[in-house]
Amino acid sequence: MYRIETGDIFIVFNKESFFHKVIGAITGKSNGMKAGHVFMYLFDDLIIEASVRYGVNIRNMPSFKPNKHIVYRARLVGGMHSDYQHYLVRLALLKVRYKYSFLQILLLLFKYVFGIKHIPDASKKAVICSELIADLYNEIGIKLFDKPSYEVVPKDYLKNINLVVMAYDYRAE
């Protein structure tokens with residue numbers, strides 16, 4: 001069992017969430033795994049996420065229910081040096097209060113539904129959850145994806161070769 005560390009990425013699918021179901025239906029599955037939301041662990045049971053309701057915020061690690069949530073944890077192959085972890089936390093604090101980018105969600109919808117190759121970035125001060133985490137990693141010099149962060153969707157984290165993805169046993173923490 002691995003301890004949760006700063007920079008660990010959590011990929012969640014809430015079976016009861018209409019929003020997660022729509023995201024999953026539009027973007028598809030990755031190796032049979034579904035994804036509707038992404039957040040990153042900071043420290044001391046705190047996470048950073050971009051949520052529809054609050055935009056980018058820091059809050060306590062959520063609790064999960066076995067019949068409701070499917071949860072995966074992803075970590076950089078080889079782990080992350082503590083200097084990078086500290087820098088990641090400092091950058092995360094600067095993102096708090098960014099708005100949630102509803103327009104980016106619409107652009108991604110068009111991308112997937114109509115097969116559009118690339119879409120523009122809707123805003124530099126508003127993000128979606130998967131974009132936020134990709135941005136943070138980009139800003140510390142770790143490029144997780146071969147596409148712009150504003151085109152990254154939650155399922156992309158499940159198939160990333162730079163990450164070790166494992167089912168997260170939240171009952172054991």
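Mentor: Happy to. Let us start with a cut-off: a residue is called buried under 20% relative accessible area, exposed over 50%, and partly exposed in between. Please keep in mind that this is a predicted model.

Now look at phenylalanine 110, in helix α3, which covers residues 102-114. Its relative accessibility is 42%, so phenylalanine 110 counts as partly exposed. Phe110 belongs to a nonpolar surface patch together with Leu103, Leu106, Val113, Phe114 and Ile116. Together these residues have about 590 Å² of accessible area. For the setting, the protein chain as a whole exposes about 9200 Å², and 55% of that comes from carbon and sulfur atoms.

Leaving aside residues up to four places away in sequence, threonine 27 touches Tyr112, Val153 and Lys155.

Next, the charged pairs. The structure holds 10 salt bridges. In one of them, the side chains of aspartate 8 and arginine 73 meet at 4.0 Å, N to O. Aspartate 8 lies in the segment before β1 (9-14) and arginine 73 in strand β5 (residues 69-76), so the pair ties together parts 65 residues apart in sequence. Both partners are buried: aspartate 8 has a relative accessible area of 1%, and arginine 73 has a relative accessibility of 2%. The two also take part in a salt-bridge network with Glu5 and Arg75.

Compare that with lysine 124 and aspartate 121, whose closest N and O atoms are 3.4 Å apart in a salt bridge. Here lysine 124 is exposed at 66%, while aspartate 121 is partly exposed at 24%. Another salt bridge, between lysine 147 and aspartate 156, has an N to O distance of 2.8 Å. Lysine 147 is partly exposed at 22%, whereas aspartate 156 is buried at 4%.

Finally, step back to the whole protein chain. It has five helices and eight strands, in the order β-α-β-β-β-β-α-β-α-β-α-α-β. Of its 173 residues, 51% count as buried. Among contacts between residues at least 6 apart in sequence, 70% join residues at least 24 apart.

Technical notes. Residues numbered from 1 in each chain as written. Predicted model: local features only at pLDDT ≥ 70, side-chain atom pairs only at ≥ 80, totals over all residues. Heavy atoms only, no water. Contact = heavy atoms within 4.5 Å. Patch = residues over 30% accessible without salt bridge, like charges linked within 9 Å, V, L, I, M, F, W, Y side chains within 5 Å. Areas by Shrake-Rupley, 256 points an atom, 1.4 Å probe, with all protein chains shown as cover. Helix = DSSP H or I, 4+ residues; strand = E, 2+ residues; numbered from the N terminus. Buried < 20%, exposed > 50% of the residue type's maximum accessible area, 1.4 Å probe, protein only.
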